[in-house]
Amino acid sequence: MTMKRFVTLLCSVMILFAGIGKMTEAEEMNMTENQRRIVESSTLDPERVKKGVLMPHEEVLLRCVEEAERYLAARYPDERFVFQQTTGNMGMPSATGYRFLVKAENACIEAEVRVFLAEDGNVSCSDDYCAYTYRQELNEYIEKLMTDAGYTGVRSAMLLGGVYGAEIDVRQSLVQLIAEGKAFFVTGSMYLPDGVQVCAQDIQSVLSGNGLYGTTAVYTLLDMPDGEAKREWGREYPQLVTERIFLQIESRTDGSVE
């Protein structure tokens, strides 16, 4: 190779890399606020990002943020999610995918969204914000089930556990989903009036027989005089109105009780 051809080739390579650098930097300038926030909270070096120097797993991370944004926007169009940080893997590759802590501004809660990138390039997402969208319906459902089973005055403070992906249509009610044969893991507490005799097997049957399984702590309540306070105490259940843990129930779909 002559010196002239070598210089020409070298110049071409330099121009190519310069073009790639400008393109990547331009893409970085167009990053969403959520992508920028994840860059700042992860192992990515912001200075390298500005220069357009990204490692393959870092490019994947930014893509996963983009996919998570798209997923949440389609699933919860009335909510605004602010990505705060990665959780569990600090932006590094993981067999379980990427996990992002997000804040739902309208609901004022923190939730987790997970993004898994398969070897074929397909992306799947799931979230536990779904649990909060069903919280009120879930507790009303449990209270009705318990009332129908003869336990009057029950107050439920339960929440769906785990994360749920697009296979759960959040436009459907929880009762509709259960009627279709779907089962849900639940966790939390139930509160019964003081003096009520509770059978663990009864409560287990009520839950697992109606699409719910998981861990439930049952408390009895101190006597409260009738009036505004008793009617309006809500679902927070401060400790001052509980007497003791009555029993611990592990209800499973196979009908066992621990």
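This is a predicted model: local features need pLDDT of at least 70, side-chain atom pairs count only at pLDDT 80 or more; totals for chains, interfaces and linings use all residues.

**Strands and helices**

Strand 3 and strand 4 run antiparallel and are joined by five bridges; in their hairpin, which has five residues between the strands, Gly 121 takes a positive phi near 95°. On the pairing of strand 3 with strand 2, seven bridges hold the two in the antiparallel sense, with Glu 112 of strand 3 as the bridge partner of Leu 101. The hairpin of strand 2 and strand 3 has four residues between the strands, and there Cys 108 has a positive phi near 55°.

These strands belong to an open sheet of five strands, ordered 1-2-3-4-6 with antiparallel pairing. Strand 1 (81-86) and strand 6 (164-165) are the edge strands, each of them pairing on one side only. Strand 6 pairs with strand 4 (residues 123-127) over two bridges, again in the antiparallel sense, and Ser 126 is found opposite Gly 165 of strand 6.

Two helices can now be placed against this sheet. Helix 2 (residues 33-41) packs on the sheet by touching strand 1 and strand 2 (98-104), and its direction makes about 20° with that of strand 1. Helix 4 (residues 56-75) lies across strand 1, strand 2, strand 3 (109-117), strand 4 and strand 6, and runs at about 55° to strand 4.

The axes of helix 2 and helix 4 come within 10 Å and cross at roughly 140°, which makes helix 2 oblique to helix 4. Their crossing is right-handed, and the contact involves Asn 34, Gln 35, Ile 38 and Val 39 from helix 2, together with Leu 61, Leu 62, Val 65, Glu 66 and Glu 69 from helix 4.

Another pairing joins strand 5 (residues 155-160) to strand 7 (residues 184-193), which run antiparallel with six bridges between them; Met 158 has Gly 188 of strand 7 as its bridge partner. In a regular strand the side chains alternate between the two faces of the sheet. Strand 5 has a covered face made of Ser 156, Met 158 and Leu 160, and an uncovered one made of Arg 155, Ala 157 and Leu 159.

In helix 8 (residues 200-208), the residues Ile 203, Gln 204, Val 206 and Leu 207 are buried. Seen down the axis of helix 8, the buried residues fall within an arc of 160°, so they line one face of the helix.

Terms used. Residues are numbered from 1 along each chain as its sequence is written. Side-chain values use heavy atoms; hydrogens and water are left out. Buried means under 20% relative accessible area, exposed over 50%, partly exposed in between (1.4 Å probe, protein chains only). The arc is that of the directions from the helix axis to the C-beta atoms. Two strands pair if DSSP finds at least two bridges between them. Contact means heavy atoms within 4.5 Å. Axes are lines fitted to C-alpha atoms, for helices over the stretch in contact, and angles run from 0 to 180 degrees between N-to-C directions. Angles under 35 degrees count as roughly parallel, over 145 as roughly antiparallel, 65 to 115 as roughly perpendicular and the rest as oblique. A crossing is left-handed if the near helix is turned anticlockwise from the far one by less than a right angle, and right-handed if clockwise.
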